Amino acid sequence: MAVKKFVVGCFDDEGPLFDAVKKVRKSGYKLHDVYTPFPIHGLDKAMGLRDTSLHTAGFLYAIFGTTSMLSFMTWVFTADFPLNVGGKPHFALPAWIPITFEFTVLCSCVGMVITFMYLCQLAPFVKKHHFHLRATDDKFVMVIELTSKTNESEVSSFLTGLGATEVNVQNAETGWWLGRYDKEQKLFVEGQSETVSA
Amino acid sequence: MALLRYESQVRPPLVENEKTYHQVTEDIVRPIEANPTRLWWIGFLISVGLLLFGVYSIYREVTYGVGQWNLNKTIGWGWDITNFVWWVGIGHAGTLISAILLLFRQGWRTGVNRAAEAMTIFAVMCAGQFPIWHMGRVWMAFFVLPYANTRGPLWVNFNSPLLWDVFAISTYFTVSLLFWYSGLIPDLATVRDRARLKWRKFMYGFLSFGWTGSTKHWQRHESLSLVLAGMSTPLVLSVHTVVSFDFATSVIPGWHTTIFPPYFVAGAIFSGFAMVQTLLLISRKVLNLEEYITIEHIEVMNKVIVLTGSIVGVAYLTELFISWYGQNPNEGWAFAQNRLNLFSPYGWSYWLMMGCNVISPQIFWFRKLRRNLVVTFFMSVIVNIGMWFERFVIIVTSIYRDYLPSSWSTYYTPTIWEIGFYLGTFGLFFTCYFLFSKFFPVIAVAEIKHILKKSGESYKKNMYHIEKESAEQLYNDVHHDHHH
């Protein structure tokens with residue numbers, strides 16, 4: 001989690017984003033991320049992001065739920081405490097379907113949400129750098145990381161050329177830290193860090 | 001791209017007037033940032049008052065026992081379980097709107113899903129109170145959980161529908177809460193980033209979990225929503241099915257029927273949509289959201305109400321037919337004497353149910369009435385009264401006269417503490433709803449922006465050109481294929 005230098009371009013509409021992303025990738029600039037107020041279908045593909053495997057995780061949690069609940073009930077009613085309920089069989093599979101189903105859904109959903117929060121690093125008191133406050137309102141914010149090979153003014157004019165209405169340069173920490181949004185808090189004190197590359 | 005954004009001219013817009021993304025944010029977030037209105041305070045304080053009365057009613061019940069209620073030897077389930085089933089049923093519409101309509105790609109759900117999901121959570125919270133406090137010795141409530149104990153361990157009975165209910169309701173509550181909150185996170189971040197006051201920055205910063213709107217995060221968020229919707233769909237159907245098993249697996253005439261699961265699910269959606277109408281008709285007016293919760297939305301929901309009301313009607317008639325056709329004297333008696341006979345002790349409740357649930361919603365076959373807000377509001381209340389009586393009829397008229405005439409009970413009327421408990425859950429429900437409408441965006445902001453260019457009024461005007469272009473394109477494509 002170092003402090004890096006970024007060029008930030010804001011777009012007023014999602015329309016030019018696809019073309020812009022394509023051109024950024026073609027020209028070899030390091031595309032950090034695009035922040036949008038709502039999900040834009042196909043932008044992830046355009047950015048070259050791979051599909052998420054979150055649903056696979058959900059499936060695995062579901063399998064865990066099914067097998068653990070079924071085996072638990074089987075153990076309880078056939079081995080640990082076999083109850084004679086009106087002479088009915090101890091291994092009463094049909095009667096266990098509802099609970100097995102509910103537990104499957106519960107494990108899958110809870111597991112997926114926790115995995116989602118872990119992957120996206122979302123939690124109470126987690127703070128991150130926000131490149132533009134209106135990225136959650138009406139601005140589509142494209143962030144390009146400056147490297148030793150790229151030039152600040154060159155990238156800025158490149159973004160303007162793509163249709164960005166507002167372009168600026170920011171030193172920002174990537175990743176997250178513990179903090180509150182009513183206070184200015186950063187992980188590193190600006191100016192002290194040596195990782196900023198001009 | 002054009003085709004992706006295309007929606008037929010025939011479909012009325014889901015967002016009225018010329019709106020930009022920023023205006024959408026403004027319109028929906030403004031009520032959160034403004035001071036609460038006088039109306040809000042009045043409603044909120046009445047709700048808190050009801051809640052306190054409910055708390056006192058429960059206090060009496062816990063202190064003096066279930067005898068504080070007028071339940072008796074044959075009527076072991078009265079208002080409490082009636083209210084339980086009623087509240088659970090109301091919750092179902094929220095999940096239907098948020099999950100099933102998401103899978104069916106129904107654009108209109110975006111205007112109403114957030115409030116409906118909130119309603120689900122609050123309704124399930126209210127529902128859960130009844131079985132819990134009905135236990136009497138509520139401090140033993142944890143006995144329903146399967147945990148290793150020193151009594152054997154004596155496990156819970158996994159074959160019992162009452163235990164299935166414990167799992168169904170708790171899973172339903174948890175999943176609904178997660179679904180609702182994961183959808184809220186991006187919108188709470190919108191509120192956070194607009195906040196100027198310190199406490200607001202702190203609170204929404206805390207609640208929005210550091211959401212940035214990164215494309216990768218949105219991709220995962222979409223995947224999560226889709227899978228949660230996919231899981232919630234069978235879940236919501238299972239929940240009321242399991243609730244109906246509480247009755248259907250017994251041997252009580254009037255309860256022991258295989259039609260219960262689908263009939264309960266249809267009834268649940270019916271009453272839930274009515275409650276959504278009640279809440280949204282008030283919310284859209286008070287919060288000035290008429291451009292987002294439009295007459296279109298209300299009309300579509302009225303169509304759902306007339307459909308599910310009719311399904312419920314068919315179920316009632318089927319039940320009557322089977323009770324005659326089945327030739328079981330006890331069942332025949334339960335239907336013919338305890339219910340159908342208007343002059344039997346509870347006959348009035350059966351006909352009240354029939355009138356409210358089956359006959360009155362039929363007015364929604366008329367477009368003019370479906371689009372009339374006053375009619376809709378009264379109907380939504382009538383439907384919920386009717387659906388309350390449905391559960392009352394099922395529970396009380398089936399058990400007040402059992403197999404032994406010597407133990408036929410006296411007429412059952414609730415005590416003030418039973419009524420107080422019910423009113424208390426109204427207090428809980430509306431206190432939560434008032435707080436929700438004050439502090440959370442009642443409409444899913446990001447989702448409205450997502451459909452704005454497809455279903456917004458100003459954008460729909462451009463559709464004509466796309467329509468023409470795509471028709472030509474289609475013609476050319478077909479023509480092209482033909483020749484090669």
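I call a residue buried if 20 or more other C-beta atoms, placed from the backbone, lie within 10 Å of its own. With that, I looked up chain A and found that buried residues make up 35% of its 198 residues.

A note on what I have open: this is a predicted model, where local features need pLDDT of at least 70, side-chain atom pairs count only at pLDDT 80 or more, and totals for chains, interfaces and linings use all residues. Residues are numbered from 1 along each chain as its sequence is written, and chains are lettered from A in the order in which they are written.

**Chain A**

I found five helices and six strands in chain A (DSSP runs: H or I of at least four residues, E of at least two). Read from the N terminus, their order is β-α-β-α-α-α-β-β-α-β-β. The radius of gyration of chain A, taken over C-alpha atoms, is 25 Å, well over the 16 Å of the globule rule (2.2 Å times the number of residues to the power 0.38), so chain A is more spread out than a compact globule. Its C-alpha atoms fill a box of roughly 85 × 35 × 30 Å along the principal axes.

**Chain B**

Next I turned to two helices, α3(B) (residues 79-103) and α8(B) (residues 260-286). Their axes, lines fitted to C-alpha atoms over the stretch in contact, come within 6 Å and cross at roughly 80 degrees. The pair is therefore roughly perpendicular (65 to 115 degrees).

Which residues of α3(B) meet α8(B)? I noted B:G89 and B:L96 among them, with B:G267 and B:F273 among those on the α8(B) side (contact: C-beta atoms within 7 Å).

Methods
A residue is buried if 20 or more other C-beta atoms lie within 10 Å of its own, exposed if 12 or fewer, and partly exposed in between; C-beta atoms are placed from the backbone. Axes are lines fitted to C-alpha atoms, for helices over the stretch in contact, and angles run from 0 to 180 degrees between N-to-C directions. Angles under 35 degrees count as roughly parallel, over 145 as roughly antiparallel, 65 to 115 as roughly perpendicular and the rest as oblique. Two residues are in contact if their C-beta atoms, placed from the backbone, lie within 7 Å.
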